[in-house]
Each structure stands twice: as C-alpha cells, then as structure tokens.
Amino acid sequence: MKYLIVGLGNPGTQYEQTRHNIGFLVLDRLAEKYEGIFKTEKLADKTELKYKGRSLTLIKPNTYMNLSGKAVNYWMQQLKISKENILVIVDDIALPFGQLRMRGKGSAGGHNGLADIEEQLKGNDYPRLRFGIGNDFQKGQQADYVLSNFKPEEAENLSEPIEKSCEMILAFCSIGLARTMSQYNQ
C-alpha cells in the first residue's frame, strides 16, 4: 500500500515558524522520527518512509500555498496513488489552537491551499487532517494572522499536537480513515 502525505505550507525561511506552515512542521517531525531526509524534487521537498509494510511519500509543496494542488496532483499521478490514500495536513482557523480533526472530505473553508487542491483533483473528496491554529485576529487580518509566527506560549505548546498529528498520520496509513477518526477526533 502506498500513501501520499502532504504537509501544506510556504517555502522559505521567513515562513518556517508561521501558523500557515503547520503542515510542514508536522512532516518535519514525522520525517525526523523515521530518519527521513527531505530532498528538493519536482514541485516539492520529498522523502519516503516505511511503516508497517506501507510506503509513505511525504511532500512539502514548494509551489507556495495557493498552488499546492499542482504538487499534489503531480505526485499523485507520478506515484499512482488514489485520492483515498492521500492525506493533507492543513492549518485551520475554525479550530481552537492545537485541536486536531481528521475528515474524509470537506470544503476548503476559505483556505487557498485546499481550494487549489480541490480544483486540481476535481473535488473535495480527499482525506485531510486539520490542525487548529485558533482565530485570534481582527476582521480583515486573517492573512496577516496565518502568516505570522506562533506566539511564544503557543510555540511552547506545539510539540504535543504535532506528536499527536504524527500518530494520526501513521494510524491513517495502518488502520484506515474511519478507525483513525473514531479513535482520535475530539
């Protein structure tokens, strides 16, 4: 079984610790745990891991958030992976900070990265792991908020939900979407 695990974010050091890059941060941690090394390839930084007899390809699109679908579609075709074996890790302002929710499909909810993936894959029926980043911003300030760094107290509390995200990714690949959702969704 092959899986494509996609962490959404923006390339470049200025974005490394921003809320919008939580997908990259989760995949960095998962790769670190399994000694995966990201290498820049077509449209993404990519590494491969083995887990319980499954092949996981982790990608961090380097197309910038708003064109994430291009990288997802390319690697999906390249590796011949079906939609149900894709998992997208994405920041979500509708969830409180650190709350995690896995879904088999759903709307983009105003998230440009998800909207582009939807457009490229011709639908919203692909699994995603939503990582809550909270919504502590004034009306009209959403872009500034998601592109800003985590506050010091948030940064201190990131490791637990990042670890749990890694667990959820591995569960998705080993016990499937439905069982992972019932086990982990709050």
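Mentor: Strands (E, at least two residues) and helices (H or I, at least four) are DSSP runs, numbered from the N terminus. The model is predicted, so local features need pLDDT of at least 70, side-chain atom pairs count only at pLDDT 80 or more, and totals for chains, interfaces and linings use all residues. Residues are numbered from 1 along each chain as its sequence is written, and side-chain values use heavy atoms, leaving out hydrogens and water.

Trainee: OK, which side chains of β6 are buried?

Mentor: Leu 100 and Met 102, which point to one face of β6 (residues 100-103).

Trainee: In what sense do β6 and β7 pair?

Mentor: Antiparallel, over 4 bridges; two strands pair if DSSP finds at least two bridges between them. Met 102 has Leu 129 of β7 as its bridge partner.

Trainee: Switching to α3: which residues are buried there?

Mentor: In α3 (residues 112-121) they are Gly 113, Leu 114, Asp 116, Ile 117 and Leu 121. Down the helix axis they fall within an arc of 160°, so they line one face of α3. That arc is taken from the directions from the helix axis to the C-beta atoms.

Trainee: And what covers them?

Mentor: The cover includes α2 (68-79), β5 (86-92) and β7 (128-132), with contact meaning heavy atoms within 4.5 Å.

Trainee: What comes just after α3?

Mentor: Lys 122, with a positive phi of about 60°.

How values were computed:
Buried means under 20% relative accessible area, exposed over 50%, partly exposed in between (1.4 Å probe, protein chains only).
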